[in-house]
Structures are given as C-alpha cells and as structure tokens.
Amino acid sequence: MSQAIRAKFDPIRTLAYTLITSTYYPVGTELSHPARAIYIFNNTDRALYLSFDGLNDHMSLPSFGYWFFDIASNKTRDQGWFLAEGERLYAKTPTTNPTQGSINFTVIYGADL
C-alpha cells in the first residue's frame, strides 16, 4: 500500500478591498481540509494585519506583498503538522482602508492517490 498523496487545491478565497476596515473580517470560508501549504497575497494598496482567530494580530503583510508557508508538503499521509481543518483567515488594516484590490488566500492540501 502506498503512503503517497497528491497535492490538491481548495478554491481561492478572496476578500475585496471594500470589506477591509480596522475590524477583522474573514477571507472566505473555513478550511475544508488540513492545509499542507498556504499562499496569501495582499493585492491591496495598504499594509494589512492577518489573524487566524479574528481577535489577535498574528502577522502583517505589506501592500502587494505575499507569504508562502510550506507547512508539510514533503510528508506522507499523517506526518507533519498542518493548519487545521476549520481554521479561517481574517484581515484588517492597521491604517486607512484600502482603495483597490483584494487579499487572496490559496490552500493546498493532500489527498490519497
């Protein structure tokens, strides 16, 4: 029996600039699978704060900046640690509201062959 898995992608999660304010707002839906890698792209004209609980600032992302986190893509089935199913990304601005763009959240998970 093979322990190999293949990479699969959730549909992209997007939050338009018109919804980004000084209060955390969710970027799309909750994760439907444990994430092995995530890619976040701030395609707005403002720096943003990001959170995984909607309360605490966990990271900042500059305008037109991105963050790729390879959590466990080189592991097999149950190895490694993951961003858990049910987690959600939230975004807010620490300054003035953006006037263009969106924030995009891509999730890569593993599936049996």
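User: What should I know about the ground rules first?
Analyst: It's a predicted model, so local features need pLDDT of at least 70 and side-chain atom pairs count only at pLDDT 80 or more, while totals for chains, interfaces and linings use all residues. Residues are numbered from 1 along each chain as its sequence is written, and side-chain values use heavy atoms, with hydrogens and water left out.

User: How many helices and strands are there in the protein chain?
Analyst: Zero helices and nine strands.

User: What makes S3 and S6 edge strands?
Analyst: The open four-stranded sheet has the order S3-S8-S5-S6, with antiparallel pairing. Strand S3 (25-26) and strand S6 (59-61) each have a single partner strand, so one side of each is left without a neighbour in the sheet.

User: How do you know that S5 and S6 pair?
Analyst: Pairing takes at least two DSSP bridges between two strands. Three bridges join S5 (residues 48-51) to S6, so the pair qualifies.

User: Why is the Tyr-39 and Tyr-66 pair called tilted?
Analyst: Rings of Phe, Tyr and Trp (its six-membered ring) pair if their centres lie within 6.5 Å; planes under 30 degrees apart are stacked, over 60 edge-to-face, the rest tilted. Here the centres are 5.9 Å apart and the planes are at 40°, so tilted it is. Tyr-39 sits in strand S4 (residues 35-42) and Tyr-66 in strand S7 (residues 66-70), so the pair ties together parts 27 residues apart in sequence.

User: And what makes Trp-67 and Phe-69 a stacked pair?
Analyst: Their ring centres are 5.2 Å apart with planes at 25°, so they count as stacked.

User: Is Tyr-66 buried or exposed, and why?
Analyst: Buried means under 20% relative accessible area, exposed over 50%, partly exposed in between (1.4 Å probe, protein chains only). Tyr-66 has 55%, so it's exposed. Tyr-39, at 30%, is partly exposed.

User: Why is Thr-106 called buried?
Analyst: Its relative accessible area is 16%, so Thr-106 falls under the buried cut-off. Thr-106 lies in strand S9 (residues 102-112). Leaving out residues up to four places away in sequence, it touches Phe-9, Ile-12, Ala-37, Ile-38 and Tyr-39, where contact means heavy atoms within 4.5 Å.

User: What makes a set of residues a nonpolar core, and which members of the largest one touch the most others?
Analyst: A core is a set of buried Ala, Val, Leu, Ile, Met, Phe, Trp, Tyr and Cys residues joined through side-chain atoms within 4.5 Å. The largest has 18 residues, with Ile-38, Ile-40, Leu-50, Ile-103 and Phe-105 touching the most other members. S4, S5, S6 and S9 each give two or more residues to this core.

User: How do you know that Asp-57 and Lys-92 form a salt bridge?
Analyst: The rule is a side-chain nitrogen of Lys or Arg within 4 Å of a carboxyl oxygen of Asp or Glu. Their closest N and O atoms are 3.5 Å apart, so the pair passes. Asp-57 is in the loop between S5 and S6 and Lys-92 in strand S8 (residues 90-92), 35 residues apart. Asp-57 is partly exposed at 43%, whereas Lys-92 is buried at 17%.
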